[in-house]
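Work through the exercises below with the structure open. Try each task before reading its solution.

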Amino acid sequence: MKVKDAMHKGVDWVSPDTPVTELAKLMCEHDIGAIPIGENDRLIGMVTDRDIVCKGLAQKSFDASRTTAREVMTPGIHCCRDDDDLAKAVRHMEALQVRRLPVINKSRRMIGMLSLGDISHWATDDLLSECLKSVAAHH
């Protein structure tokens with residue numbers, strides 16, 4: 001099975017200048033835990049709900065009215081290709097200990113997101129179990 005058969009489509013990114021409060025609202029509205037960050041037509045990072053808590057709320061200097069995505073995002077981005085085998089993408093997630101990966105096409109455009117939830121519908125029990133253990137491990 002290919003990543004494009006398991007991923008969810010229609011994912012957008014936001015600017016690194018987006019306020020954290022707007023990110024939280026988007027996560028709530030769309031029932032998601034991460035938002036890709038893009039600038040100059042390329043992905044530059046990801047903000048997760050955990051980033052907002054650990055790099056934002058938990059910091060003494062945090063000001064929700066002035067903090068932006070750039071200040072809490074995890075820079076750099078790991079992706080998988082839509083034509084990758086699902087097992088290859090799962091192994092990549094395991095190695096990185098991440099719960100989701102943006103999916104790009106041959107033109108290097110983001111076309112979707114692959115999450116543990118998506119994988120749970122399609123992967124074999126063994127593959128899913130290995131991935132879950134690795135991704136959920138303390139790091």
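This is a predicted model: local features need pLDDT of at least 70, side-chain atom pairs count only at pLDDT 80 or more; totals for chains, interfaces and linings use all residues.

**Exercise 1: the sheet**

Task: Find how strand E6 and strand E7 pair, and over how many bridges.

Solution. Strand E6 covers residues 100-104 and strand E7 residues 110-115; they pair in the antiparallel sense over 5 bridges. Strands (E, at least two residues) and helices (H or I, at least four) are DSSP runs, numbered from the N terminus. Two strands pair if DSSP finds at least two bridges between them. Proline 102 stands opposite methionine 113 in E7.

Residues are numbered from 1 along each chain as its sequence is written, and side-chain values use heavy atoms, leaving out hydrogens and water.

The open sheet has 4 strands, in the order E1-E7-E6-E5, with mixed pairing. E1 (8-9) and E5 (80-81) are at the edges with a single partner strand each, so one side of each lacks a neighbour in the sheet.

**Exercise 2: helix H5**

Task: Decide which residues of H5 are buried and which are exposed on the other side.

Solution. Buried means under 20% relative accessible area, exposed over 50%, partly exposed in between (1.4 Å probe, protein chains only). Leu86, Ala89, Val90, Met93 and Glu94 are buried. Just after H5, glutamine 97 takes a positive phi of about 55 degrees.
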